Amino acid sequence: MGKAVLTDLHLAVRANDWALVQELVDAGATNFDARDSAQCTPLMVMAQQRDPPVHLALALAAKSNLSLFSKKRFFAWDYCKINNNYKLGTSLRELNAAEVSSADPGEHCEICGERLRPGRTKCAQVAEKVANGTETNPLLVQFFQDESEAASKFDTLPYHRINNMGKLRKELTESMCTVNTLRSVAVELAEAQAVSPEEAVPAREESIADAAAAAHAIVAGILERDDHPEAEPIVLGPTDMAAGLRGDEAVARHAAAEALEGFHIIDLCCGKAISAALLELMHPRVVVTCVDKQPPKFAPHFGPRVRYHILDLLSESFLPSMSAVIAEVGRPTLVCGMHLCGALSAKAIELLHVEPLVRALVLSPCCMPRLGGPFSSPAFFASPDQAEQYRRWFCRLGEAAAAAPGVKVTTRTV
């Protein structure tokens, strides 16, 4: 997205000065697609106003790029819907549909209608750097060389929302880290004969409501204790591929990839769902469930093996909804959570307590819980050192995970 520019037209629309807006539109001496700090064009700002003149909005729309979206990935007609400007929203959708149908092939996504960025994607640029040796990040090298078939598909139309993003290198690195950890966990489970994707589904002995209440009591009780945790950190987190892949790395990597096939993977707070995209491309028999409270405006156009659930982990419906999804899929399940902030990590651990089909949790905790809030203890904040505060939180999360029946908890670092 471009640099923020606040124009006179933005200001006139915000002030509801429709006479000045008409004058600026008629004069044409402005950038109608300039974006403010929220990446909103003047038309998007107008769509957020109460009862804007429809004729004036349509005149502005005729000079604007309707396929642009804001930082929240809302189009102008999305803002119309949010602010009950239904008539204007319908007209803008119709104008955009006409623009897409008359555009040259390749300018817009044929699936969603979004305008595609011209030129080579960020994915293609990173792939070139890997090929010529200027990119040495081992996880990116693994993706673009060892997983070259998946990488080539990643740079295609269904993934246009993520293969051209600004922080692609960072996001791909973290997602490859998550995938590798899931693979190594699947290997460990198979070697311990703890789980097979073909095994029978265990039955829960209590209702989901009772199980959720019990899990919350256990997890909250551990996390909110006011004693100082002294144990070493013991939560499971992302690792690089070297862990668990001694000896013939190529053979071990293939075995790790095969071990993951047949599982159900749940990606909590999935964001742009890059991990899900990699799992879809690299594991043809894996079923993936993406979970996030935001609608899938940033997510790729997935195939049938990936489902997307709009769900807040902190809501009361989280555990019952996840239990229903897990039962519907009917496979042993691995849950991953990258950068789960505060209480979100605790909710992921509750899922581990509740669901017998959840066989592993790959958790990368993020920031601390709010002082005085749920799952928080004064003991976490007794030290003024932020690193020590996080260590205490990290340790206590490990205790909460280890309290789940039959769970062995380990730590891995990148």
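Biologist: Is Arg169 buried, partly exposed or exposed, and at what relative accessibility?

Modeller: The model is predicted, and the class follows from computed accessible area. Buried means under 20% and exposed over 50%. Arg169 falls in between, so Arg169 counts as partly exposed, at 43%.

Biologist: Which side chain does Arg169 meet in a salt bridge, and where do the two residues lie?

Modeller: The N to O distance of the salt bridge is 2.7 Å, and the partner of Arg169 is Glu135. Glu135 is buried, with a relative accessible area of 9%. The pair links distant parts of the chain, 34 residues apart. Arg169 is in helix H10 (residues 168-191), and Glu135 is in the loop between helix H7 (122-132) and helix H8 (138-146).

Biologist: How many aromatic pairs does the whole structure hold, and why is the pair of Phe75 and Trp77 stacked?

Modeller: The search of the whole structure finds eight aromatic pairs. The ring centres of Phe75 and Trp77 are 4.8 Å apart. Planes under 30 degrees apart count as stacked, and this pair is stacked because its planes are at 10°.

Biologist: Which residues form one aromatic cluster with Phe154 and Tyr159?

Modeller: The rings of Phe154 and Tyr159 are themselves stacked, with centres 6.0 Å apart and planes at 20°. Phe154 is buried at 0% relative accessibility, and Tyr159 is buried at 6%. The cluster also takes in Phe143 and Phe144.

Biologist: Which ring does the charged end of Lys272 sit over, and at what distance from the centre?

Modeller: A charge counts as over a ring only within 6 Å of the centre and within 35 degrees of the ring normal. Lys272 sits over Phe298, at 5.3 Å.

Biologist: How many disulfides does the structure hold, and how far from Cys269 is the nearest cysteine sulfur?

Modeller: The structure has zero disulfides. A disulfide needs sulfur atoms within 2.5 Å. For Cys269 the nearest cysteine sulfur is that of Cys341, at 8.0 Å.

Technical notes. Residues are numbered from 1 along each chain as its sequence is written. This is a predicted model: local features need pLDDT of at least 70, side-chain atom pairs count only at pLDDT 80 or more; totals for chains, interfaces and linings use all residues. Side-chain values use heavy atoms; hydrogens and water are left out. Rings of Phe, Tyr and Trp (its six-membered ring) pair if their centres lie within 6.5 Å; planes under 30 degrees apart count as stacked, over 60 as edge-to-face and the rest as tilted. Buried means under 20% relative accessible area, exposed over 50%, partly exposed in between (1.4 Å probe, protein chains only). A salt bridge is a side-chain nitrogen of Lys or Arg within 4 Å of a carboxyl oxygen of Asp or Glu. Helices (H or I, at least four residues) and strands (E, at least two) are DSSP runs, numbered from the N terminus.
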